[in-house]
Amino acid sequence: MNVLVVLGHPRTDSLCGGLAEAYAAGARDAGLEVRALALGECEFDRDVHTECPSDQALEPDLAAAEREIEWADHLVFVYPNWWATMPALLKGFFDRLFRPGFAFSMYEDDEGAGHEKLLSGKTAELVVTMDMPPWVYRWIYRQPGTNAVKRGILGYAGVETTRTTEFGPVEDSTANERSEWLERAEELGRRLESGPKSDRQRVVDRATTWIGALRLQFYPMAWIAYTVGALAAAGSGVLTSAVYWLGFAFLFCLEAATVLSNEYADYETDRQNTFAGPFTGGSRVLVEGDLSFGDLRRGIGIGLGLAGAFGAGVLAAGAGSLPAMAAAMAILSVLALGYTLAPLKLAYRTLGELDVAVTHSIGVLLCGYLFLGGTWTDAEPWLLGLPFLLSILPAITLAGVPDYAADRAAGKKTLAVRFGVGGAAAVAAGTALLAAAVGSLWQFLGIVDAYGPAIYLGIPHALVLVWLLRTRLDLETPGRIDVLMVASLSYIVWFGVVPLVGLL
């Protein structure tokens, strides 16, 4: 690991200078390649005189500093807190060097402006001195200078700050205290032998990565449909039933395995996708190297193993017909995994959108109904599931729009690829209107008791969604469509939450 220690104090003979030297010595003792950069010895204009910092030529010392930062894997900034923030020297260094084209780049798409972090992959830590107790700075002053460096500057450029160490108060410190601080700084450098992050940080980061890979934002849809089915079969007491929770655990683990398998199989299209967002483009943990293919294979195996165990529990304790429950779980599993996995690979055959809609509506709803004692020949789960299915189709169809170019290049024939963006918009609009019509018809004719008058609110929502499709979707150069995705995902509420509340 290459380590660059940046001294942000104007004087090299300061306490900060001693801390920087001690840290560098400790890092060298750990066997790391270490370089030092004292800003007080660099000659450069701290002010930006041009409209954009990138238009102002770099002085030789700044150009050399830029090369040092490019070389480094881990950056260490040692500086004093003056007036609760960094010295003007360090601020000027950031102003001049962390400019567009080096630290970040800007872009614009249909959803607005954004920026790309050009220094992603690097880590940093801050070693800060101050003339107040660190706890006062942290909890009373709310550490404005640290936040500015950590989040506003380094974070904006993609550099992850792994540790902040504060020493103070300096003015009243004794020689013995300063000696202890120097020893501590040296120890901080030695700790880099095991990497820039502590064991606890690595555990937290790993857990966070796996949570991101699971994409938990999509699980409530299946839970709602499953609970509607269970309530329709057994009534309001179902939430305290062990069978209900065993069934939920089975579905959760199956969904987890499915999401991870999608990440695995869709690597090529995700890699080419430039419009990934919270609702499209996958979690990108594989594309960005946070997890490996082996990690995902193990995750899929664990998910399927747990799903099998919980499924066996449902078969042992469930109130429904054993063959019917087993068949429902088996069919649901095949359809869920077959979304992207061979041999079905339904998403690559223009059947993926229908597959998701079926599994997340009638599929899980019927499971809930069967697990709690219902029979598959009853009309109720099918009647509740049909408008639910139709309401899901707009969201899952539109999810393929930002991925359109990448999916086409990877051979994934979604509705957007097969029929174009305009065709996908037409499917989304048509199914939204059809869901509202069917749900309203069920309520008007009294076919489904679970709805109530609130189901009619799906009609104006469907009309708003159609209007948004006509006014906010660029058929020629579609980019991120977060507003449309929010509108289409929230549309599902009318056909999930309304019957859920009605059955409680």
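Glu186 and Arg190 form a salt bridge in which the closest N and O atoms are 2.7 Å apart; a salt bridge here is a side-chain nitrogen of Lys or Arg within 4 Å of a carboxyl oxygen of Asp or Glu. The model is predicted, so local features need pLDDT of at least 70 and side-chain atom pairs count only at pLDDT 80 or more, while totals for chains, interfaces and linings use all residues. Residues are numbered from 1 along each chain as its sequence is written, and side-chain values use heavy atoms, with hydrogens and water left out. The protein chain has 19 helices and seven strands, where helices (H or I, at least four residues) and strands (E, at least two) are DSSP runs numbered from the N terminus.

**Overall dimensions and burial**

- Taken along the principal axes, the C-alpha atoms of the protein chain fill a box of roughly 85 × 50 × 45 Å.
- Of its 504 residues, 53% count as buried; buried means under 20% relative accessible area, exposed over 50%, and partly exposed in between, with a 1.4 Å probe and protein chains only.
- Among contacts with a separation of 6 or more in the protein chain, 75% come from residues 24 or more positions apart; contact means heavy atoms within 4.5 Å.

**Salt bridges**

- The whole structure holds 17 salt bridges.
- Glu186 and Arg190 both lie in helix α6, four residues apart, which is about one turn of the helix.
- Glu186 is partly exposed, with a relative accessible area of 23%, and Arg190 is partly exposed at 32%.
- Arg190 also meets Asp29 in a salt bridge, at 3.8 Å from N to O.
- This second pair links distant parts of the chain, with Asp29 in helix α1 (residues 15-29) and Arg190 in helix α6 (residues 175-190), 161 residues apart.
- Asp29 is exposed, with a relative accessible area of 55%.
- Through shared partners, salt bridges join Asp29, Glu186, Glu187 and Arg190 into one network.
- Another salt bridge pairs Arg163 with Glu125, the closest N and O atoms being 3.0 Å apart.
- Arg163 lies in strand β7 (residues 160-167) and Glu125 in strand β6 (residues 123-129), so this pair ties together parts that are 38 residues apart in sequence.
- Glu125 is buried, with a relative accessible area of 0%.

**Helix α8 and its crossing with α13**

- The axes of helix α8 (residues 219-234) and helix α13 (residues 352-371) come within 7 Å and cross at roughly 40°; axes are lines fitted to C-alpha atoms, for helices over the stretch in contact, and angles run from 0 to 180 degrees between N-to-C directions.
- The crossing of α8 and α13 is right-handed, meaning that the near helix is turned clockwise from the far one by less than a right angle.
- Residues making the contact include Met221, Ala225 and Val228 of α8, and Val364, Leu365 and Phe371 of α13.
- The contact residues divide into 13 nonpolar, four polar and no charged; Ala, Val, Leu, Ile, Met, Phe, Trp, Tyr, Cys and Pro count as nonpolar, Asp, Glu, Lys and Arg as charged, and the others, Gly among them, as polar.
- Twelve of the 16 residues of α8 are buried, so this helix is largely enclosed by the rest of the structure.
- The cover over the buried residues of α8 includes α7 (199-214), α9 (242-265), α13, α14 (380-398) and α19 (493-503).
- Gly235, which follows α8, has a positive phi near 90°.

**Ala307**

- Ala307 is in helix α11 (residues 293-317) and is buried, with a relative accessible area of 4%.
- Not counting residues up to four places away in sequence, Ala307 touches Phe250, Cys253 and Leu254.
- The C-alpha atoms of Ala307 and Tyr137 are separated by 49 Å, with the two residues 170 apart along the chain.

**Backbone exceptions**

- Most residues other than glycine have a negative phi, and most peptide bonds are trans.
- The peptide bond from Gly168 to Pro169 is cis, with omega near -5°, and Pro169 is in the loop between β7 and α6.
- The peptide bond from Ala342 to Pro343 is also cis, with omega near 5°; Pro343 is in the loop between α12 (322-337) and α13.
- Trp83, not a glycine, has a positive phi of about 50°; Trp83 lies in the loop between β3 (74-80) and α3 (88-97) and counts as exposed at 87% relative accessibility.
- Arg215 has a positive phi near 55°; Arg215 is in the loop between α7 and α8 and counts as buried at 12% relative accessibility.
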